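Here is a quick tour of one protein model, written for someone who likes cut-offs next to the numbers. Have the viewer open and follow along.

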Amino acid sequence: MSDIMAEARGRKSYRLLVWAGRAVLLSAAVLVLTQVLWANHVISRPMMVAVIAPAVLVFLASVLVAIPALAIQAAHFSANPLGRGPIERQTRFSQMFVTDLLAIPPKPASKDGMK
């Protein structure tokens, strides 16, 4: 099973999905932080708009990148599933994805172990 997961993690579409997920989380955190700072009168309204506008663009672009990347992953996993049943497959993918949001390296190691 780890060979299938290693193969999935090595795909460019999966790495793109992970980076898009990271960008979504980061931009959402910036949006929330900006709203909290503005509500507590730490930053002015023009400053809030200057921060929110790019964060919204990053959020939308990341979501638009994640949708086709998820479709590509679904096609890959329908041919080479991570488990026997649909619930097991989804559970394994979800665990792998959440783990990789925090831990996947920028470039995967090559198959012979050298970077």
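## Burial and overall layout

Of the 115 residues in this predicted model, 27% count as buried, where buried means under 20% relative accessible area, exposed means over 50%, and partly exposed is in between (1.4 Å probe, protein chains only). The protein has four helices and zero strands, so reading from the N terminus you get α-α-α-α. Both kinds of element are DSSP runs numbered from the N terminus: helices are H or I with at least four residues, strands are E with at least two.

Contacts here mean heavy atoms within 4.5 Å. Taking the contacts with a separation of 6 or more, 73% are between residues 24 or more positions apart.

A bit of bookkeeping: the model is predicted, local features need pLDDT of at least 70, side-chain atom pairs count only at pLDDT 80 or more, and totals for chains, interfaces and linings use all residues. Residues are numbered from 1 along each chain as its sequence is written, and side-chain values use heavy atoms, with hydrogens and water left out.

## Where α2 meets α4

Two packed helices are described by the angle between their axes and the distance between the axes. For helix α2 (residues 12–39) and helix α4 (residues 86–103), the axes come within 9 Å and cross at roughly 65°. That makes α2 roughly perpendicular to α4. On the scale used, under 35 degrees is roughly parallel, over 145 roughly antiparallel, 65 to 115 roughly perpendicular, and the rest oblique. The axes themselves are lines fitted to C-alpha atoms, for helices over the stretch in contact, and the angles run from 0 to 180 degrees between N-to-C directions.

The crossing of α2 past α4 is right-handed, the label for a near helix turned clockwise from the far one by less than a right angle, with anticlockwise being left-handed. On the α2 side, the contact uses Tyr-14, Leu-17, Val-18, Gly-21, Arg-22 and Leu-25. From α4 come Phe-93, Met-96, Phe-97, Asp-100, Leu-101, Leu-102 and Ala-103. By type, the residues of this contact are ten nonpolar, one polar and two charged; here Ala, Val, Leu, Ile, Met, Phe, Trp, Tyr, Cys and Pro count as nonpolar, Asp, Glu, Lys and Arg as charged, and the others, Gly among them, as polar.

## The aromatic pair

How many aromatic pairs does a search of the whole structure find? It turns up one. Tyr-14 and Phe-97 are edge-to-face, 6.5 Å centre to centre with 75° between the planes. To pair, rings of Phe, Tyr and Trp (its six-membered ring) need centres within 6.5 Å; planes under 30 degrees apart count as stacked, over 60 as edge-to-face, and the rest as tilted.

Tyr-14 lies in helix α2 and Phe-97 in helix α4, so the pair ties together parts that are 83 residues apart in sequence. Tyr-14 counts as buried because its relative accessibility is 0%, and Phe-97 is buried too, at 18%.

Now for helix α3 (residues 45–79), which holds Ser-62. Ser-62 counts as buried at 8% relative accessibility, and, leaving out residues up to four places away in sequence, touches Ala-20, Ala-23 and Val-24. In helix α2 there is Ser-27, buried at 5%. With neighbours within four places set aside, Ser-27 is in contact with Ala-55, Val-58 and Phe-59. Leu-57 of α3 is 30 residues from Ser-27 in sequence but 8.9 Å away in space, C-alpha to C-alpha. Is Leu-57 buried or exposed? At 59% relative accessibility, Leu-57 counts as exposed.

Val-30, also found in α2, is partly exposed at 30%. Val-30 touches Val-51 and Ala-55, not counting residues up to four places away. Met-48 of α3 is buried, with a relative accessible area of 7%. Using the rule that skips residues up to four places away, Met-48 touches Thr-34, Gln-35, Trp-38 and Ile-43.

## A positive phi in the loop

Most residues other than glycine have a negative phi. His-41 has a positive one, near 60°. His-41 sits in the loop between α2 and α3 and is exposed, with a relative accessible area of 72%.
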